[in-house]
Amino acid sequence: MKRLFFLCAILCSLIAQARHIDPEKEIDKTGSITGIVLDANLKQPLPYVNVIVTDSNGKMLTGGITNDEGTFEIKKIAEGNVIVNIQYIGYKTIKKSLKIGKGNYKIVLGNIYLEEEAEGLDEVTVVAEVSTIQQKVDRKVITIGKDLAASGTASELMIGIPSVGVDAQTGDISLRGNSNVQVMVDGKLSTIPTAQLLKQIPSTAIKSIELITNPSAKYNPEGMSGIINIVLHKNTMMGLNGNINTSLTYEKESKFNSALNINYRNGKLNFFGSYSNNISKNRNNGNVFSPENNSEQFFKTLDKRENHQYKVGVDVYLNDQHTISVFTNQNISNNNTTGKTNVIFYNNTSFNQDQIFTNIGDNTSFQYNFDYKIDFAKEGSNIELEIDHNTYNGENPVFFDQIAGPLSDYIDFNDTKRSNTTIDLDYVNPLSENSKLELGLQARLFNTDIVYASTGESYNEFGDLVPTPSTNFDYTRDIYSAYATYSKKLDKWTYQIGARLENVNVDAIALQQDVVTNEVTEIAFDNDYFQVYPSLFITHSPSDKNSYQFSYSRRVDRPGIGQVNPIKEWSAPLISSYGKQDLEPQFTNSIELNYTRNLNNRKGSVTAGLFYRAISDEINRVLFVDRTDVTSGRVILSHDNFDNTSAFGIEISSNYRPFKWWSINSSFDLYSQTQKGIAENIKDGVLLENATISDIETNVTEVDNAAWNLRMFNNFSLNQKLTLTAFGFYRGENKSLQFDVNPMYFVNLGMRYSFLEDNRATFGFNYNDIFNTMKFSFDGQRPYPSKGTFNWESNTWSVSLNYRFGGGKYRAKSRKTREDNIKSNNRGFL
């Protein structure tokens, strides 16, 4: 806490100095109009308000909309008399007559207060037909239209997002081919594992996806490839409002999703709540063939999921300056996976193994959030305190029934308790119309305690079967940080500089107890370090059609729990995975250059980008031959740090409308990275069944991987109610340290029909992977030659129904987005 008090003292000193900075006065010689639109009664910002500029005859010249803070800026306005029209559904339109000319090129309207209409129209949540892509100063924003919203769940929707990959086996997310990415929902990461969380969020609940590939110093520096922020629709309108949606998907088993969002706003109180669920069965199967010993592993699983999430909260508008908000998220999850794994040795059936396992996962997670914001008299100046506390409790027993093989039936017990507390203090001070200073402090306190016990046996270093030892793993990581960013506009240029200072304390201890002797072995690890993470953003917009962006940031990828946990993470007959407790973080210096071109006649836009990453102390896989069982071909997976490496790539995305009834969203990305890792194998000429420990060779393996992906989404609007969609995806071949992944492609078709008054209801139908080509297949060489394929339920049909009820006027509490930094375990086989 001494560090936190010290950081608070620094912030208070910086705020006191910031208030004495003399705002720099600049004259912009191009015609522009700026202002802030507020609700006349609540004095709260109104986002998405239309601001239209016409000439004196009413002919439209240009226009724009307000952002989340209610502000707008319209540039490139020719000299002469103009009329500014400020329009918003449910409010009285305001018109202002202005003259742009000598001595009056930069017009500042200040606060503009809109009054409610006596009988206004019902406010609706406008969802575009087609998803759009917009390149902003520090992120790419994909606004989700009705096309992608028909996907089903967030996990399925992510497949159509540029530069994003979804692991078909684990559900984990990657960005630009790298899984070291932070995934947030409304600026926060729940303690729920990412793959599980994305499978329970209905796609219709998602407003936009933000790809923050080079985050500024204001954001936590975790994640080598950046941050993915999922922004959900918010119901914060007057009166009672809400929506309900449900979907059913089927191929071999049924999958059901539903969600209810409701809001009641009256006076100074805004109550909101939601409920969502995911109830599904999923079948998967696969096989891995090893010609070295003429053996083959077979996998079959039935995964049953039942997830329920509840959210309730209230915003309290004490007065024009003070706002308090509290909410809680409660999640209950019950998962049951039954699987069968068997190994057939075609040359010697006495080595055959046949196993049935049942994995029962019951967990609960709770989030409690408090936010207090003070708006100062100076427009745009505020200070905000947020406290967020998350807990996670999970029990995960696994029952193994040995049908054939040397082991007996046994049970693995895994109990996990996790807590994460984040305290944020942020200060914003607009020094002038064109410059802004942001300061902040943060404390992140994380702890996890994992208890593992087993009734089974395992091989010791001498190759003998002994009772599996019990392990208690306690991991604590506390991070104290402070940041500062300064941004400024200079005519057609904008720049932002910043730095984040962090002090990290890691304390980990594993206690392993011998079941027979009760002897306890202690394995301890601690790591304290201080780092500075600078960032720089420069944008240049020479015209309305062209914009350029350059950015630089330094980032860190701290090892996740699954990477440092010495307890066996998962096991198959010939593969086991363990963490490495003393794994060090890896650091990345990232550079990006982006260009956006708006097409003529508002036909769409094209964005192209280049990126380069220099990585030090790279974290990657290590693959060892299991020395307790050399002749069976058993291997052990873990992680380690390696030398410096680099990655680079190119991305191109576009949205194009050749006709009013046809629109296309497409993207192409190519990335290249050199991967290093340790891989062991048996010496050439030595038969596996005759191999001994002395025949094992250890090599540092280097793989140059170049991979590319292509996505294309077509949207055909037959009329105002009926729309057809077609989505195609192709992933080229790519390489990893263990194997080469074969290409994959698929095609999805869909339709949507809107009905009832104001199109309040929407019915959707999707047929996915119509050619049944989606599968994960590979060819491997390390540590033994192998070939494998994994299949899941991809050739599915689904129906969905969405209904919106109520109607009121928008009253949004301005919330900042804040990300967390805790990774979930990776539980895939490879």
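Mentor: The largest share of the nonpolar patch comes from β44, which supplies three residues. The model in view is a predicted one. β44 spans residues 761-767, and with β15 (239-250), β43 (744-755) and β47 (797-806) it belongs to the strands that each supply at least two residues of the patch. The members of the patch are Leu248, Tyr250, Phe256, Ile279, Leu749, Tyr753, Phe763, Phe765, Tyr767, Trp797 and Leu801, and together they have about 880 Å² of accessible area.

Trp797 lies in strand β47.

Gln367 sits in β20, which covers residues 353-375. With a relative accessible area of 8%, Gln367 is buried, because buried means under 20%. The side chain of Gln367 makes a polar contact with the side chain of Asp388, at 2.9 Å.

The setting for both residues is a protein chain with five helices and 47 strands. Of its 830 residues, 53% count as buried. The accessible surface of the chain comes to about 36,200 Å², and carbon and sulfur atoms account for 55% of that surface. Among contacts between residues at least 6 apart in sequence, 67% join residues at least 24 apart. The patch itself also draws on separate parts of the sequence, including β15 at 239-250 and β47 at 797-806.

Key
Residues are numbered from 1 along each chain as its sequence is written. This is a predicted model: local features need pLDDT of at least 70, side-chain atom pairs count only at pLDDT 80 or more; totals for chains, interfaces and linings use all residues. Side-chain values use heavy atoms; hydrogens and water are left out. Helices (H or I, at least four residues) and strands (E, at least two) are DSSP runs, numbered from the N terminus. Buried means under 20% relative accessible area, exposed over 50%, partly exposed in between (1.4 Å probe, protein chains only). Contact means heavy atoms within 4.5 Å. Accessible areas come from the Shrake-Rupley method with a 1.4 Å probe; for residues, only the protein chains shown count as cover. Patches are made of residues with over 30% relative accessible area and no salt bridge: like charges are joined within 9 Å, nonpolar side chains (Val, Leu, Ile, Met, Phe, Trp, Tyr) within 5 Å. A salt bridge is a side-chain nitrogen of Lys or Arg within 4 Å of a carboxyl oxygen of Asp or Glu. A polar contact is a pair of N or O atoms within 3.5 Å; within protein, one must be able to donate a hydrogen and the other to accept it, and residues adjacent in sequence count only if both atoms are side-chain atoms.
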